[in-house]
Amino acid sequence: MFSLKGKNAVVTGAAAGIGRGIAVSLAKQGANVAVCDLPGVPADAARDEIASYGVLALTVEMDVSDEKMVNRGMDAVLSVFGGVDILCCNAGINSCESAEAISIESWDRHFDVNVRGALLPLRRAVPSMKEKKFGRIIFTSSQAALVGRPNQPAYCATKGALVSMARGLALDFAEFGITVNCVAPTFALTDISRKRMEDPAYREFVLGMIPMRRLAEVEDIGNTVVFLASEEAHMTTGAVITVDGGWTVR
Ligand SMILES: NC(=O)c1ccc[n+]([C@@H]2O[C@H](COP(=O)([O-])OP(=O)(O)OC[C@H]3O[C@@H](n4cnc5c(N)ncnc54)[C@H](O)[C@@H]3O)[C@@H](O)[C@H]2O)c1
């Protein structure tokens, strides 16, 4: 079950953190993977790890908020792979600024990266998915879409937007065999969260909120994405799958 042999995957924000974990999990199941990340962000280590599973691995420079760069990057992937079966829109930012403190530029940047950055690659991938009558689109949302998180209104709003977008798109694409789902992780120790986790009191608070009493590992999220990316998940669409050790069921 859950073999992805011969499938072509694109993962954004895949040079590090959760994106890299997703990319590696997909490769372990046999998928070829395009590692997309910002220009200048070193992605070779992720590419080499993926290639070590005997699949094709590419690096693609792409700011997901930049339409021209996304189109160029996606076209490069399509020309090498010949099609995209699995698209993981994972790149995201979180500056943790309150409603009163956040600048309008920062607010807009959250929407540009976290929401527009899901739309743009998707638009380029969907025609090839429609042609094959198979597609798996997976957004990395967050538990912040489901429960309140203090002092990060832009992040919460963008992660909620992905959930709503997935539900709408699930209806639009079902007839083409394309599913659209979200994973909603709790805290994982990556660059986006590391600074806050260095505060022992904050870490203790976080662990106290997670009934499983540990942070998410990138593999936890990768394994969930493997399921959503698989043929076997055909009947799961428009869903939000939490990877939160129980935080949101409190
Ligand atoms: N780490 C957590 O606790 C946590 C929890 C829930 C959800 N998430 C979500 O998981 C996703 C990945 O986060 P992470 O924890 O791995 O963070 P991270 O900062 O370690 O990795 C994010 C990656 O995205 C890339 N990126 C940032 N802006 C980009 C852009 N405009 N275009 C292309 N790539 C860009 C970065 O270069 C980096 O490689 C994000 O969407 C984040 O919101 C993270």
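Helices here are DSSP runs of H or I with at least four residues, strands are runs of E with at least two, and both are numbered from the N terminus. Before you click on anything, keep in mind that this is a predicted model: local features need pLDDT of at least 70, side-chain atom pairs count only at pLDDT 80 or more, and totals for chains, interfaces and linings use all residues. Residues are numbered from 1 along each chain as its sequence is written, and side-chain values use heavy atoms, with hydrogens and water left out.

**Stop 1: the ligand and its shell**

**Stop 2: polar contacts**

Which atoms pair up with the ligand? Look for N or O atoms within 3.5 Å of each other. Pick K159: an N or O atom in its side chain is 2.8 Å from a ligand oxygen. Next, at A188, a backbone N or O atom lies 2.9 Å from an oxygen atom of the ligand. Then go to M62, where a backbone N or O atom is 3.4 Å from a ligand nitrogen. Taken alone the ligand exposes 830 Å², and the protein buries 92% of that (Shrake-Rupley areas, 1.4 Å probe).

**Stop 3: the largest pocket**

On a 1 Å grid over the protein atoms alone, a pocket is an open set of points with protein on both sides within 12 Å along at least five of seven lines, while a cavity is a set where a 1.4 Å probe fits but cannot get out; lining residues have an atom within 4 Å of a point. This pocket's volume is about 880 Å³. Of its 41 lining residues, select N90, G92, I93, T190 and I192, the closest to its centre. α1 gives the most to the lining, with three residues.

**Stop 4: the cavity**

Finally, find the one cavity of 30 Å³ or more. The largest cavity holds about 40 Å³ of space. Among the residues lining it are T12, N90 and K159. α4 gives the most here, with four residues.

Definitions and conventions. A polar contact is a pair of N or O atoms within 3.5 Å; within protein, one must be able to donate a hydrogen and the other to accept it, and residues adjacent in sequence count only if both atoms are side-chain atoms. Grid points are joined across faces, edges and corners, and a volume is the space filled by probe spheres set on the points.
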